[in-house]
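Open the model in your viewer and keep the selection panel at hand. The stops below come in the order in which to select them.

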Amino acid sequence: MKKQLRVGFVGCGEATQALHTPALNSLASLYRIAACTDASAEVMAQVASRTGARPIERPLDLINDPDVDVVLIATPDMYHSDYALAACTAKKKAVLVEKPMTLNPRMAREIARASDETGVPVLVGYVHVYDPAVRRAAELWGETGFFNYGQFRCFLGPNEKYTADDILQTIRPAMADRWPGLINQLSLAAVSTELLGTGVEVKYVVGHALLRGLVIHDIPVMRRLLGEPVKVDYASIRAMGPPMSEVGMAIDVMFDYGQGRVLLQAEFEKMKVTDWGFQLRRDDLHLHVQYPPTFAAAAPSTCKAIYEKNGMTVEEIHGGRYETGFRCEWKHIYDVVTAGVAPIASAQDAVKDLELVDEIITVAVKSGN
Ligand SMILES: NC(=O)c1ccc[n+]([C@@H]2O[C@H](COP(=O)([O-])OP(=O)(O)OC[C@H]3O[C@@H](n4cnc5c(N)ncnc54)[C@H](O)[C@@H]3O)[C@@H](O)[C@H]2O)c1
């Protein structure tokens, strides 16, 4: 029988309740939810009673608890680095930090260094990197360098339009307990100021936050399939509106890959839409990958491969019908801990994602786009 690893939740909000808990429950032979902590005592108590986890009031006590093997860090972003560093010092078997791993490359390098020095694997919760459809796309694509076209797109409606459904039934902090999230929002400006100075337009601060908070999902997938871009050729951040009170944002980026160009586009829409995935084309193979809405936790991604064989154009669909990115993420962490498999999305690798985010916003600001 396999040994169960004991997971501790640091932050028990929507991601923990709606995404990680169902994945872990479906992998009960590998994991037991052993402990949980949250800045809201009410959320912590309710998650403890639903999952059977032991509530631990102080996050650092949970991280240092010898009966917790693997820590999930799913607090607002600005708290990720302190807890990830503490989990390395506590010599946990592994740490899963929700994306973005931290707020900028400087802090990311600190986590990568702590992971190297302590030997604690720190993995980042880029769910699509672990997705079966993306893995299949990477296998089909292979190492071939030459390609004609790449397009990554992240067109998403507001999370609330999915999470408001009764089906999720997440427990939210009471108004009085919302202050850590509000402080997190305030930290956004400070992060952009460190990179861009104080004189930038507010659209760049918002665009920087959206790149770091959402579009960052697409960057490690692009790098996994195509390697490192030579540079960011073009970047623009624009508001989609009016009315101004309901304005959405759009981000367009063109990467220079030497022999090819890759377009990355993101739009934050008002409608309940999810058009999220990528297309890659080269002479002998086209790939179309489509991700499901994040909060429909049971839905799989699909990878359509198009190629020619015996004079026919073949279209194949590869989909993990009963498999999801979140389950694969946790299965991979189990292999990292018990079989020494190298992490797919490590802290060391995530430094590059945050560097690219900073390069994109810097190009946009310099060009005034
Ligand atoms: N992988 C994905 O697809 C995905 C989806 C949603 C969110 N996320 C990420 O997960 C993280 C959490 O997002 P969420 O949507 O669950 O947010 P949330 O606001 O629903 O939950 C955050 C929880 O953390 C608690 N908290 C705040 N500060 C804390 C602290 N210092 N110590 C302990 N607990 C604290 C809050 O009380 C709240 O319950 C974010 O980093 C977000 O980017 C990832």
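**Before you start.** This is a predicted model: local features need pLDDT of at least 70, side-chain atom pairs count only at pLDDT 80 or more, and totals for chains, interfaces and linings use all residues. Residues are numbered from 1 along each chain as its sequence is written, and side-chain values use heavy atoms, with hydrogens and water left out.

**Stop 1: the domains.** Colour 5-128 + 330-346 as domain 1 and 130-323 + 348-367 as domain 2. These bounds come from an automatic or database domain assignment. The domain centres, taken over C-alpha atoms, are 23 Å apart. In the contact between them, domain 1 contributes 41 residues and domain 2 contributes 41 residues. Contact here means heavy atoms within 4.5 Å.

**Stop 2: the ligand shell.** The ligand is surrounded by 25 residues, and the closest are A15, D38, D77, K99 and R172. Domain 1 and domain 2 each give at least three residues to this shell.

Now colour the shell by class. There are 11 nonpolar, eight polar and six charged residues. Ala, Val, Leu, Ile, Met, Phe, Trp, Tyr, Cys and Pro count as nonpolar; Asp, Glu, Lys and Arg count as charged; the others, Gly among them, count as polar.

Show the helices next. Helix 1 (14-25) and helix 4 (80-89) each supply at least two shell residues. Helix 1 has the largest share, three residues. Helices are DSSP runs (H or I, at least four residues), numbered from the N terminus.

**Stop 3: atoms facing the ligand.** Which atom of the ligand is 2.7 Å from an N or O atom in the side chain of R172? It is an oxygen atom. Move to T75: a backbone N or O atom there lies 3.2 Å from an oxygen atom of the ligand. At A39, a backbone N or O atom lies 3.1 Å from a ligand nitrogen atom. Overall, the protein covers 87% of the 840 Å² of accessible area that the ligand has on its own (Shrake-Rupley method, 1.4 Å probe).

**Stop 4: Y334.** Select Y334 in helix 12 (residues 325-339). Is Y334 buried or exposed? Y334 counts as buried because its relative accessibility is 5%; the cut-off for buried is under 20% (1.4 Å probe, protein chains only). Leaving aside neighbours within four places in sequence, Y334 is in contact with K2, K3, L5, L30, Y31 and A339.

Terms used
A residue is near a molecule or strand if one of its heavy atoms lies within 4 Å of it. A polar contact is a pair of N or O atoms within 3.5 Å; within protein, one must be able to donate a hydrogen and the other to accept it, and residues adjacent in sequence count only if both atoms are side-chain atoms. Buried means under 20% relative accessible area, exposed over 50%, partly exposed in between (1.4 Å probe, protein chains only).
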